[in-house]
Amino acid sequence: DKVYKLEKATKKTSSGSDDAKMGTRVKLYEKHLQTVRKALQQTSKELLEIKYGKDPIRAQVTIQFPESMGAPSLSSFTLQLAPPDVMPYSVYYWLTQVDNKLWDGCAFIRNADHVLQASAQDMNGKSLHRRFKHLPYLTESLAFQEYSANYPHEKYTLGIAGRPGGPDFYVSLVNNTRAHGPGGQSSYDLREEADSCFAKIVSGIDVIKRMHTAPRKKDSFQGLVENIGIENIKILR
């Protein structure tokens, strides 16, 4: 019995030691990842300034409505990107896609109660994801979930969907600060993460409201019956 108890105690001590080592390793990995995040953010911020200057960056999104929604078939809204010192990586990620015209010809596919979601597919539902896989220096999805409490998911802001986020993005139709902020989506393994919020609409709210009237499917996703096209997205100089 004494031998058995000694072996049991030894195993327990060994297990505790292994747990402590694992905890130390996890903390070191977290520290290394934080260093990489900061480096990506700093590099993105500097590249944004070199390419677009220090003034606020705006982009115009031209929408193509399906024929069933009547005239006008083309309308546009304007958004202003988040300040580079607040959300540098997410802004650089999205603008690089826009600069390479990856979103031209894509479509909004979802008309949910809380968001309008754009995806890498065309108005007929054909996947266009392949075009998002070949950008230099960037992956199809975000490298990490960048988030700032100074730029929350308020009504008519734009966020990047999914885990990891991208390329899909969405327009918030309500204040999604809690639902899409840290801890808002418990279905993901890292519950403390949040969707990246990278822009806000500054004109053309009437276009967003018209998009929200489009017929949608009667399912939990609330997908559009007919996709609403993205004719093009242009950065306003």
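Strand β1 (residues 58–64) and β2 pair in the antiparallel sense over seven bridges. Two strands count as paired if DSSP finds at least two bridges between them. Helices (H or I, at least four residues) and strands (E, at least two) are DSSP runs, numbered from the N terminus. This is a predicted model, in which local features need pLDDT of at least 70, side-chain atom pairs count only at pLDDT 80 or more, and totals for chains, interfaces and linings use all residues. Residues are numbered from 1 along each chain as its sequence is written, and side-chain values use heavy atoms, with hydrogens and water left out.

- T78 has S203 as its bridge partner in β7.
- Six of the eight residues of β2 are buried, so the strand is largely enclosed by the rest of the structure.
- Buried means under 20% relative accessible area, exposed means over 50%, and partly exposed lies in between (1.4 Å probe, protein chains only).

- Strand β4 covers residues 115–119, and five of its five residues are buried.
- V115, Q117 and S119 point one way from β4, while L116 and A118 point the other way.
- In a regular strand the side chains alternate between the two faces of the sheet.
- Strand β3 (residues 107–111) pairs with β4 in the antiparallel sense, over four bridges.
- A hairpin of three residues joins β3 to β4.
- R110 has Q117 as its bridge partner in β4.
- Strand β6 (residues 169–172) pairs with β4 too, in the antiparallel sense and over four bridges.
- There, A118 has F169 of β6 as its bridge partner.

**Nonpolar core**

- A nonpolar core is a set of buried Ala, Val, Leu, Ile, Met, Phe, Trp, Tyr and Cys residues joined through side-chain atoms within 4.5 Å.
- The largest nonpolar core has 53 residues.
- I63, L81, W94, W103, F108, M211 and I230 touch the most other members of this core.
- Helix α2 (residues 88–99) gives the most to the core, with seven residues.
- In soluble globular proteins, nonpolar side chains tend to be buried together.
- M211 is in contact with I63, F65, F77, F108, N111, L116 and I228, leaving aside its neighbours within four places in sequence.
- Contact means heavy atoms within 4.5 Å.

- T157 is found in strand β5 (residues 157–160).
- T157 is buried, with a relative accessible area of 5%.
- Not counting residues up to four places away in sequence, T157 touches P152, Y170, V171, S172, C197, A199 and K200.
- S172 is found in strand β6 and counts as buried, at 0% relative accessibility.
- Leaving aside neighbours within four places in sequence, the contacts of S172 are H114, V115, H153, E154, K155, Y156 and T157.
- S172 and G53 are 119 residues apart in sequence and 28 Å apart in space, C-alpha to C-alpha.

**Cysteines**

- The structure holds zero disulfides, a disulfide being a pair of cysteine sulfur atoms within 2.5 Å.
- C106 is buried, with a relative accessible area of 1%.
- C197 is buried as well, with a relative accessible area of 0%.

**Second largest pocket**

- About 210 Å³ of space lies in the second largest pocket.
- Its lining holds 16 residues, of which K54, D55, P56, P83 and P84 lie nearest the centre.
- α1 (2–52) and β2 (74–81) each supply at least two lining residues.
- The largest share of the lining, three residues, comes from α1.
- On a 1 Å grid over the protein atoms alone, a pocket is an open set of points where a 1.4 Å probe fits, with protein on both sides within 12 Å along at least five of seven lines; lining residues have an atom within 4 Å of a point.
- Grid points are joined across faces, edges and corners, and a volume is the space filled by probe spheres set on the points.

**Loop between β6 and β7**

- A179 is found in the loop between β6 and β7.
- A179 is partly exposed, with a relative accessible area of 34%.
- The C-alpha atoms of A179 and P215 are separated by 24 Å, with the two residues 36 apart along the chain.
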